[in-house]
Protein chains: 2
Amino acid sequence: MHPKEPEIHGFKAYKSLSEVPGKVDLAVLVLPTKIAADVLEECGKHGVKNAMVVSAGFAEMGEKGKKLQQRIIDVCQEYNIKMVGPNCIGIVNTRIDLNTTFFPNDAGPGFIGMASQSGSFVTQMFAYLKKFGAGFSQAISVGNEAMTDLTECVEYLGECPRTKVIAMYVETLRGGGRFIEVAREVSKKKPIVAYYVGGSEAGRKAALSHTAALSGSDALYNGVFNQCGVIRASSMAELFDICYVMGAQPLPRGNRVALLSHSGGPAACAADTAERYGMELARFSERTTEELLKVVPHTASVGNPVDITFNKDPNDYSRTLPSILMGDESVDSLFMYVLMPSHRVYQTFKTMMTDPDQARKAAEDFILNQCRDMAQLAPKYGKPFVGGSFYTRSEPFTKMLQDNGVSVLPSPERAIIALSALTRYAEKRRKLMAAP
Amino acid sequence: MHPKEPEIHGFKAYKSLSEVPGKVDLAVLVLPTKIAADVLEECGKHGVKNAMVVSAGFAEMGEKGKKLQQRIIDVCQEYNIKMVGPNCIGIVNTRIDLNTTFFPNDAGPGFIGMASQSGSFVTQMFAYLKKFGAGFSQAISVGNEAMTDLTECVEYLGECPRTKVIAMYVETLRGGGRFIEVAREVSKKKPIVAYYVGGSEAGRKAALSHTAALSGSDALYNGVFNQCGVIRASSMAELFDICYVMGAQPLPRGNRVALLSHSGGPAACAADTAERYGMELARFSERTTEELLKVVPHTASVGNPVDITFNKDPNDYSRTLPSILMGDESVDSLFMYVLMPSHRVYQTFKTMMTDPDQARKAAEDFILNQCRDMAQLAPKYGKPFVGGSFYTRSEPFTKMLQDNGVSVLPSPERAIIALSALTRYAEKRRKLMAAP
């Protein structure tokens, strides 16, 4: 609808709701703050049952705004309208191709269900998630939560079969008690990961002016999250790193990780990070050590991390070694530093084949087969398998690994931090399930 | 040289040093561990004064390896050979296009001087740094440091005029006392940033098997770094984030930061991170607040963070507002959340112009001018200006900002963490300069 224009971006625009043929499923209100309530009332009179108020200038803008917000709540209650917002950017549901935001969803469908107190952390994550080959199942920008709050979104996403993990961007939790109750139940079914920014004084003030949020201390929120199995992330990137691993990997039975690398530096970084984040480096069985020694060169280290230093047969690194480690009873999860610059594989095949196209095809097949073999390990052993590489998705090896189900993150540290979060969730979930 | 092949990758291979015409400036030894000392001795006899031993299997491999390492040290001392390694990957010097590693340097020349106890953290950073438009001035993989250690590299890079900031990957500091002495002096001239992974038990063990490093506790190393103004990073990504900002931005006079955003979520993240990392949110002068209010829409917040929520004239966001903030006496540095999807700028120009090529050119010019204006702010006010955006270098706006000197990092949190490190360095440097 538009008061003047007959057409917007090729779509017919109506002057009023009475002109619209058929039933209106959803009204998205992007208009001056002052007239929002009146237009919403018109919607109610025409039987619209779902609305989204994108406009800002409500409770986040002091007393006057609070009154305006109360008026739209009153209207919604009177006409039984389910409303998201105000001061939000809308919702995304990739199953029905619904996207009310003004950004195209580059990422496509995925398994992350997002409930966010920031609209930017829906829209600006489309391009971000695409970089990992990840995406949203659904995403909801809740804005001021006048009627639909984060807790309700978590409950809803808990029921969504395409949502394997729930991501939350939190400036405040309105009504903490009910959140704990809901999140405890949802956490038994699927993980919830929260990035909370209201714990510092500066964060609290920023949140207040952003979404009228009255935040609480870190200690309070850590207590809340802890009670209901919610994993806390310390940045937007970490939030999605963790969700990305949680949605794709099986739950580990314990915190004993095996680290596999062909370079000592990344291995040491992974080991250091693992300990800082509460993981234990697995002590391999004698049999494992013997089997490792059969495969690795003499310069290698077969402690944990396993650092092979170099390898002549790439199959050793991508198949034999990870299989040996995953098969060890004392290993709960595997981290692997992954790197195979495709141009070098191609060069190798070029020395063996005269036709460059044939060589390129052979190189691609070779890489794809390696990736597929690696992707079978996690389901085969029922243990999580994460990769770390500074070569991101523009490198075919990384892309093929990711597309085949290996969670490859952009550095050893980020991979280990995400794996440690999955491990903590598995532990918390066991406790929740055991509780009366 | 090669014992059998007459040619390798198109280069002539000699059977022995005596066949090589003219003086040999540098010998790079990539050969079986056992014969390294003998070949090095041959080099010595032929007057080679610089060598690099890439081969592994020395002190990092126990007693036998330690003896082999001592032999190459003896040979170098006898023939007065300056040696880097063993168990290293070589060096890079972008001024003279020298790269002894087996990776092409995608990144090109830059201002980061790297001294690393991991070869991978030289070679695998080429592609990584390219993503930021950054690069190495020089990079040295020190390996086991049999003769050339990190301290010597820091001293050397301190003198390099193209090196604006020194990055260190550290598993151990051999000879801590001399390091403190050297680093204190270098820190007065340029910043040193260190990523130390030997502080945990797991990191210590991994480092021992990697480069025979005997690491010390975090407390010990924090004390060492603190004494000599070295800034500690907590991951490889953070190491380069910090270097990237330090090499490009002026030193702030204090820790009072102004935060500017057009979205509330990123603003709240930036505020929360700033406080956690020791920054103070600047309290703007009355005049600043008045000037801000003249420009921003009524939904905006003009506290700190300044969150404009939306803007009609992009010049307000990229020129007027940052200028107002930078001009305030109570502001020491500026963080700005930056985002301008180029395709939308292009679409806007397309509605005004009939010729698509002309519209594209106009859009590019528009973005470039915005970026150039923003890039003038840091030098004009002598205050650091960092940007954060989830849109990386594949987005022209981010690329143009970076190429014009604005340090744009891949998220608000990472930008603030790097800015806080620059702020801490500025503070430490003032103390070092004031010390007797």
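How much area do chain B and chain A bury between them, and what percentage of it lies on carbon and sulfur atoms? Chain B and chain A bury about 4300 Å² between them, with 58% of it on carbon and sulfur atoms, where buried area is the accessible area (1.4 Å probe) that two parts lose on being put together, summed over both.

## Basis of the model

This is a predicted model, in which local features need pLDDT of at least 70 and side-chain atom pairs count only at pLDDT 80 or more, while totals for chains, interfaces and linings use all residues. Residues are numbered from 1 along each chain as its sequence is written, chains are lettered from A and ligands numbered from 1 in the order in which they are written, and side-chain values use heavy atoms, with hydrogens and water left out.

## Where the chains meet

Across this interface, 60 residues of chain B are in contact with 60 residues of chain A, contact being heavy atoms within 4.5 Å. Q124(B), F390(B) and Y391(B) supply 13% of the area that chain B buries against chain A, more than any other three residues.

Two salt bridges are counted between chain B and chain A, a salt bridge being a side-chain nitrogen of Lys or Arg within 4 Å of a carboxyl oxygen of Asp or Glu. In one salt bridge, the side chains of D218(B) and R276(A) meet at 2.9 Å, N to O.

## Salt bridges within chain A

Over all chains, a search of the whole structure finds 44 salt bridges. The side chains of E152(A) and K82(A) meet in one at 2.5 Å, N to O; because E152(A) lies in helix α5 (residues 150-159) of chain A and K82(A) in strand β5 (residues 82-84) of chain A, the pair ties together parts that are 70 residues apart in sequence. These helices and strands are DSSP runs (helices H or I, at least four residues; strands E, at least two), numbered from the N terminus.

E152(A) is partly exposed at 26% relative accessibility, and K82(A) is partly exposed at 40%, where buried means under 20% relative accessible area, exposed over 50%, and partly exposed in between (1.4 Å probe, protein chains only).

## A histidine in a loop of chain B

H262(B) has its place in the loop between β13 (256-261) and α10 of chain B, and with 15% relative accessibility H262(B) counts as buried. Not counting residues up to four places away in sequence, H262(B) touches several residues, including D307(B), F310(B) and Y337(B).
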